[in-house]
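Please examine the sequence and the structure shown below.

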Amino acid sequence: MAVDTQTVEKLAELARIAISEETIEEVSGRLGEILQLVDQLQAVNTDGVTPMAHPLDEVQTLRVDAVTESDQRHSFLAQAPQSEEGLYLVPKVID
C-alpha cells in the first residue's frame with residue numbers, strides 16, 4: 001500500500017511533529033513498507049492458534065507479604081494541622 005505525501009503531511013499535522021520537505025518522500029516510503037508488513041501479518045492463517053498473554057512461560061517471583069514497619073499513624077496525625085477520629089481534615093475543594 002503506497003502512502004502519498006499528502007497523507008504523510010496530514011499525519012504529521014495530527015501528531016504535531018515537523019517533517020521537512022526533504023524527508024517526506026522517505027517517510028512516505030517507510031510507512032508504505034510498514035503497511036505492507038501489516039498486510040503480510042494479516043494474511044497469515046491463525047485458525048486453531050491459541051492466543052497467548054505472553055510468549056514466555058515465566059512466573060513472577062513475589063516477595064513475602066509481611067509488615068516491615070511499625071504503625072506510626074498517631075505520630076503522623078499529630079503533625080497534621082487538623083485531624084479528627086484518625087482522619088486528616090482538609091479544606092473543602094468541591095461544593
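Predicted model: local features only at pLDDT ≥ 70, side-chain atom pairs only at ≥ 80, totals over all residues.

The face of helix α2 that is turned away from its buried side carries the exposed residues E33, Q40 and L41.

Helix α2 consists of 20 residues. From its first C-alpha to its last it reaches 29 Å, close to the 28 Å expected at 1.5 Å a residue. Which residues of α2 are buried? They include I24, S28 and G32. These residues cover an arc of only 75° around the axis, which places them on the same side of α2. The buried residues of α2 pack against α1, which comprises residues 5-15.

S28 illustrates the buried side in detail. S28 lies in helix α2, which spans residues 24-43. The relative accessible area of S28 is 8%, and a residue counts as buried under 20%; S28 is therefore buried. When residues up to four places away in sequence are not counted, S28 touches V3, D4, T5 and V8.

V90 is located in the segment after strand β2, which covers residues 87-88. Is V90 buried or exposed? The relative accessibility of V90 is 65%, so V90 counts as exposed, the cut-off being over 50%. Together with F76 and Y88, V90 forms a nonpolar patch on the surface. The accessible area of F76, Y88 and V90 together is about 350 Å².

Note on methods
Residues numbered from 1 in each chain as written. Heavy atoms only, no water. Helix = DSSP H or I, 4+ residues; strand = E, 2+ residues; numbered from the N terminus. Buried < 20%, exposed > 50% of the residue type's maximum accessible area, 1.4 Å probe, protein only. Contact = heavy atoms within 4.5 Å. Expected span 1.5 Å × (residues − 1). Arc of directions from axis to C-beta. Patch = residues over 30% accessible without salt bridge, like charges linked within 9 Å, V, L, I, M, F, W, Y side chains within 5 Å. Areas by Shrake-Rupley, 256 points an atom, 1.4 Å probe, with all protein chains shown as cover. Salt bridge = Lys/Arg side-chain N within 4 Å of Asp/Glu carboxyl O.
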